Each structure stands twice: as structure tokens, then as C-alpha cells.
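Please study the structure shown below together with its sequence.

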Amino acid sequence: MQSQAKLNGFAWEIAQFSLNASGHARVKEAFKLLLNSLFKAAGSHEEKLKNRQSEMMSRGLPKRKPIPGVKHVLVVASGKGGVGKSTTAVNLALGIAARDDVKGVGLLDADVYGPSIPRMMNLKGNPTLSDRNFMIPLVNYGIQCMSMGFLVEESAPIVWRGLMVMSAIERLLRQVDWGQLDYLVIDMPPGTGDVQLSISQNVPISGAVIVSTPQDIALLDARRGAEMFQKLNVPVLGLVQNMSVFRCPKCEHETHIFGADGARQLAATMGLDILGTKPSSFQS
């Protein structure tokens, strides 16, 4: 009411001085005060509306609950499949486990439709159950592993709708006896779908690693993945450029099949670090 009265006063002053040619300076000043007051009122209203919208949105989001016994969760993701994401996740878990100051490392395969961790970690069989009816991870190379691939036949397709997939992810996260882990590395499915959103919103994540090849299309999807984590307030640790160059196993000649330094350019654009580059190599 007070601000409205002030605005009315300014308007009256403008009307009065507009009749007097000698009052142009005062008219100009009064008009400036009127505009400043209008802009200030509009800005205050917009800020209040934005804060209200943020408050309403935060009410509907689930609270992040830590996984019992797990200190840090790292996710390895990519926007597109076939870029070496699972290979990077396995190497990351093995690299962390090799450190003397790390006591326990786990590896969770969150790619329900296309689990690859069992093959990469050379593991077969079904997990046993603990006294609490929790699944006990299979272990190889000192890494505790859990995957949907342990629960179905290797060649069996998983034809599930979204709700069944989300239920499976929840069980893989919460109903596994991980014991005491310093790090749990999660191999995410490709893309930016329900699984990525659910894990990011329900589990406190210490950092995300984005894997991509230098190819333009792969980089577009990698950027979407990185921006998704940033919007969800998940720290993006950096990018890994896989298949950066093909190195001939006989003559050691190098060929950039997918282009050169595409991930480096993307990292520079987004203000991220390049965590490493890996060439394509084949054993004869």
C-alpha cells in the first residue's frame, strides 16, 4: 500500500509539472523515480516467485540416503553406448583398489538391460544370501561385484518395463551386503534416463566420470550426460577420452579414426578436466 501510494504521488507530480514548461527537469526526475520503483517492484516479485518455485520443487525430490557401509560413491557414465564406459569403470575400480590407503572397493553394474561386468570381471554364478536376506557380492581381483547378470542367464534378454527396472536398481543398491567399502563404483547405463535420475537423486554421489570417444555424435551425448549431473548437483570429476587413436600392433603407426582431441575440446568448453585418454589397441 505504501509503495502504491508513492507511485500515485509520482504520477500526480508528473501530471502537475507537465503543465509547466519550466518543470521539465523535475518531470524528468519524477519519471526516473517512477521507473526505478516499477523495475524494483517487478524484480522483487520475480525473485520471490523463483524462490517459491525452487521451494515447491525441492519438496517433491527424494532425500539422498547413504548406502550403509559405503563411504564414497563414484559413477561412470556416458551419453552413448559402445564408448568403453564399462571398461573404464572396471579399470577405475581396480586402480582405486591398488592404493595402499584404500581398504574396500565395490563395483555395481547398473546397466540392467545390458550387464557386462560379469564377463569383464570373469565372474559367474548366483549371489548367496546373508542372515538379513541381503545378497552377498561376488568377488574377484579383490573387488566386490554385483550385477543383474548374476541373476539371469548370460544370453537371456531382460524385457522389463520401467517400474520393474527401478525396483531392481533399488534392490541392487539397498539390499546388497556390501560390508565396509571406501569406494563403490557404479557402472551406469548409457543415456540420461530413469536409472541415472533415480540413482543421482537417491544416493549421495561423490563424483561422476564421463566417458566418450572423440566422435562428434558421441561428444554431443557426453555433453548431455555431463549437464544432467550438473543440474542434479552431482560433481563432474572430468572426462575420459577412449579410443583416442588407433595404434597398429605391428608398425605402431597411429591413426585418428574418430577424430582427434574432441573430448579435450568439450572439456575446455565446459570447464572440466580431462582425466585421461586411452588409445584403441588390439592384441594379435
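A nonpolar core is a set of buried Ala, Val, Leu, Ile, Met, Phe, Trp, Tyr and Cys residues joined through side-chain atoms within 4.5 Å, where buried means under 20% relative accessible area with a 1.4 Å probe and protein chains only. This is a predicted model, in which local features need pLDDT of at least 70 and side-chain atom pairs count only at pLDDT 80 or more, while totals for chains, interfaces and linings use all residues. Residues are numbered from 1 along each chain as its sequence is written, and side-chain values use heavy atoms, with hydrogens and water left out.

The largest nonpolar core has 66 residues. Leu 107, Trp 178, Ile 186, Ile 199 and Phe 229 have the most contacts inside this core. In soluble globular proteins, nonpolar side chains tend to be buried together. Apart from neighbours within four places in sequence, Leu 107 is in contact (heavy atoms within 4.5 Å) with residues including Ala 89, Ile 117, Met 146 and Trp 178.

On a 1 Å grid over the protein atoms alone, a cavity is a set of points where a 1.4 Å probe fits but cannot get out, and a pocket is an open set with protein on both sides within 12 Å along at least five of seven lines; lining residues have an atom within 4 Å of a point. Grid points are joined across faces, edges and corners, and a volume is the space filled by probe spheres set on the points. The largest pocket holds about 390 Å³ of space, and Pro 118 and Gly 149 are among the residues nearest its centre. The largest cavity holds about 30 Å³, and Phe 246 and His 256 are among its lining residues.

How values were computed:
Buried means under 20% relative accessible area, exposed over 50%, partly exposed in between (1.4 Å probe, protein chains only).
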